[in-house]
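Please keep the sequence and the coordinates in view while reading.

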Amino acid sequence: MHLGWFATTGFGVYGWNQPWSGNQPQDLGKPGLFVDMATTLERAGFDYIMLEDSSVLPDVFRGTFESSVKRGVQVRFDPLPLVPLMAAATRHIGIVATVATSFYPPFLAARLFQTLDHVTGGRVGMNLVTASADGAAQNYGMDKHIQHDLRYEMADEWVEVCRKLWASWEPDALVLDPESGVFADHTKIHTVDHVGEHYRSRGPLNLPMGPQGGPVLCQAGASPAGRAFGARHADTIIAAQTGIEAMRDYKLDITKRLVDNGRGADDAKVLFLVNPILGDTDDEALAKRDRLRETQRANVDGVLAAMSYFTSTDFSQFDVDAPLPDLSGNNGHQGTVADMVRSGKTLREIVTNHRTTESVELCGTPDTVAERMGEIMEEVGGDGFLIAAPVTRKNLTEIGDGLAPALRRRGLLRTEYPHRTFRENLLSA
């Protein structure tokens, strides 16, 4: 199976108050923890690390920044400077950074990630998001965010422009002939002259094609518009469906959409979010799970603040024990909100039941969890899992040196990287 790690708060501070969280005050804003993450997960055989990002400090919940900064859950450093540092310490693992298509001009993003593709030796990925919060849009000069489906329509064209720019140098345009003194063949470098409904770009890029011909594209979208976008463009898709049946249905739907778009059924790897809870014994892991769930039940405000962020609606105004308000007009994360709604009839039930990073429960010893992961992939039909645990050195060690070897003993995880680039390794069987 393929494995990735979804750093759910990107280059942030999540985990600073977790048990065994290490030197978080010293780690804050420093690359060390994430470099350790990259070396640990490469040793474990992971395909990639995905660094989530957001450029807004939300103040929707109760109209203040308290819920965003009190526990640090919405504090973010820009993840892009981490990419070359993590890549420099490793040789194979892919490093995926998040870009909001709604805010980055396509030429800027195309040039930046083409550069990173060279710097990393063909191991960079781009996580495409359209962003959801009005506050984020206001940081970039808008009054409010673009309507949900229009954001995806614009993102389609955005990717089209980037692809044209990544291909504006032909693969053999670079000559590097010291005898003739020719660096590049100008006849193999072309303007793109894109004039579309939402974007214009002349091109070409002023650097040659990267080792991958463009970064690996990653996407998470549960809404119909998000699924359609991912099936058209993504090399890997993040999925958060809850339960085996929903996971299987999602995988089948994406496979059909891939084929309908003229792509191969395996041209995008679907990785399901999980948060394994590991212990030296199954009973120890179950006790740990129960403690974590009790913490979640007590954190009503935290989940309501997250829902406020996703929807740009202040959920502090609602009775937590009354029927859920109508969210059909929400312009935010529609798939995430729909999943939350399925978790319960009242806000308190949602807080108690919803698992934002848990498609299925994985709890036990490394051997117990590895066995279950193999069974799930058989039932769902592939392709793998995206770990969404807090980034602490303890969690990294439990997964990298506990779970990964248990998967390898069962023949479920690679023992080496057969190819040179991230995309080749990701799309291999």
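**From a ring pair to the whole chain**

Tyrosine 250 and phenylalanine 272 are both buried. In this predicted model, their rings form an edge-to-face aromatic pair, with 6.4 Å from centre to centre and 75° between the planes. The pair links distant parts of the chain, since tyrosine 250 belongs to helix H9 (residues 244-260) and phenylalanine 272 to strand E13 (residues 269-274), the two residues being 22 apart.

A further pair consists of phenylalanine 315 and phenylalanine 318. The ring centres of phenylalanine 315 and phenylalanine 318 are 5.3 Å apart and the planes stand at 75°; because an angle over 60 degrees counts as edge-to-face, the pair is assigned to that class.

Across the whole structure, a search finds seven aromatic pairs. Ring pairs also link Phe11, Phe34 and Phe77 into a cluster.

The next topic is the nonpolar interior. In soluble globular proteins, nonpolar side chains tend to be buried together. Here the largest nonpolar core comprises 80 residues, and within this core Trp5 and Trp158 touch the most other members. Helix H7 (residues 148-166) gives the most to the core, contributing nine residues. Apart from this core lies another, of 13 residues, which includes Tyr48, Ile238, Leu386 and Phe422.

Where does a nonpolar patch lie on the surface? Leu57, Phe65 and Val69 form such a patch, and together they have about 240 Å² of accessible area. Of these residues, leucine 57 is found in the loop between strand E3 (48-51) and helix H3 (66-69). With a relative accessible area of 35%, leucine 57 is partly exposed.

Finally, the chain may be considered as a whole. The chain contains 16 helices and 16 strands. Its radius of gyration is 22 Å, close to the 22 Å that the globule rule gives for 429 residues, so the chain is as compact as a globular protein of that length. Taken along the principal axes, the C-alpha atoms fill a box of roughly 75 × 55 × 45 Å. Of the 429 residues, 52% count as buried.

Technical notes:
Residues numbered from 1 in each chain as written. Predicted model: local features only at pLDDT ≥ 70, side-chain atom pairs only at ≥ 80, totals over all residues. Heavy atoms only, no water. Core = buried A, V, L, I, M, F, W, Y, C linked by side-chain atoms within 4.5 Å. Buried < 20%, exposed > 50% of the residue type's maximum accessible area, 1.4 Å probe, protein only. Helix = DSSP H or I, 4+ residues; strand = E, 2+ residues; numbered from the N terminus. Phe/Tyr/Trp six-rings, centres within 6.5 Å; stacked < 30°, edge-to-face > 60°. Patch = residues over 30% accessible without salt bridge, like charges linked within 9 Å, V, L, I, M, F, W, Y side chains within 5 Å. Areas by Shrake-Rupley, 256 points an atom, 1.4 Å probe, with all protein chains shown as cover. Salt bridge = Lys/Arg side-chain N within 4 Å of Asp/Glu carboxyl O. Rg over C-alpha atoms; globule rule 2.2 N^0.38 Å.
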